Amino acid sequence: MPLSASLARGVAPAAPGTLHARTVTGELSAPPRPGLTLRFGRGEEPDVDLGVGVDDQWVSRRHGELTYRQGMWWLRNTGQQLVRLPRGRMMHLTTEPMPLDTGYTPLFVKGSGYREHLVELYVSGHDDQGPVSRRRAETVRPETWALDDDERLLLVVLGQRYLLYEEDPRPLTYAVAARQLAYIRPDGHWNERRIEYRVEAVRRRLDRTGFRYPLMHDKSQGRPGDNGLLHNLIKGLVESTTLVPPDLELMEDDSDWP
């Protein structure tokens, strides 16, 4: 399975202030024009510019707006359900509009059951104005690591809180992950023992590649808990954009999991 497209991996060169937006059903770019407003939600054009949660009646037809004013893009929740931003920040229908920072911002629209629908946003910034111009140089891409289909699904399930940009996330326990995996892939023979084996295999393989965080036990410092090493693994994969929020689509079959 190819890597999911994601604005977390960057965007094509554009004028500073250009807004890029993406959902599973479409994407768009908009110039920083004062007064310009873009709408996203379950509805259709011309009511909305970008569809999100189109199969989920808990998502409002017009769930949110993005307006360019005062040199910034401002986000407003116009829907009945909450919109969640990184670090656990919530926006209600009554919340005052908030400006978007330059760079990448994922939004999560509350849907039915445990579903959350991803809206990726990226605001282009100014070029480096230092003494050496690199305007024409190719962008240095983050180093990513290869994962097979089973490894990607397993790590997305274990690390879903990281991909949801929750505050101070921790991995799911192997027991909880096994239950979810059994529901998503009932023919996958997932259990705690298999999860432990596959996670250790990934840790051993990536530890030999110069991974940013420790992945193996340091016997001279005592034996740390496996949960700490799993945290290092998922954190590094998310920071490197090996795992990105659109990978949560792999769990779509899990939308009604109790």
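A: Helix packing

The axes of helix H1 (residues 149-158) and helix H3 (residues 174-184) come within 9 Å and cross at roughly 125°. That angle makes H1 oblique to H3. Angles under 35 degrees count as roughly parallel, over 145 as roughly antiparallel, 65 to 115 as roughly perpendicular and the rest as oblique. Axes are lines fitted to C-alpha atoms, for helices over the stretch in contact, and angles run from 0 to 180 degrees between N-to-C directions. Helices (H or I, at least four residues) are DSSP runs, numbered from the N terminus.

This is a predicted model: local features need pLDDT of at least 70, side-chain atom pairs count only at pLDDT 80 or more, and totals for chains, interfaces and linings use all residues. Residues are numbered from 1 along each chain as its sequence is written, and side-chain values use heavy atoms, with hydrogens and water left out.

On the H1 side, Leu153, Leu154, Val157 and Leu158 make the contact (heavy atoms within 4.5 Å); on the H3 side, Tyr174, Ala177, Gln180, Leu181 and Ile184 do. By class, this contact of H1 with H3 has eight nonpolar, one polar and no charged residues. Ala, Val, Leu, Ile, Met, Phe, Trp, Tyr, Cys and Pro count as nonpolar, Asp, Glu, Lys and Arg as charged, and the others, Gly among them, as polar.

H3 also packs with helix H4 (residues 192-207), at an angle of about 105° and with the axes 9 Å apart. That makes H3 roughly perpendicular to H4. Here Tyr174, Ala175, Ala177, Ala178 and Leu181 of H3 meet Glu192, Ile195, Glu196 and Val199 of H4. The contact of H3 with H4 has seven nonpolar, no polar and two charged residues.

How values were computed: Helices (H or I, at least four residues) and strands (E, at least two) are DSSP runs, numbered from the N terminus.
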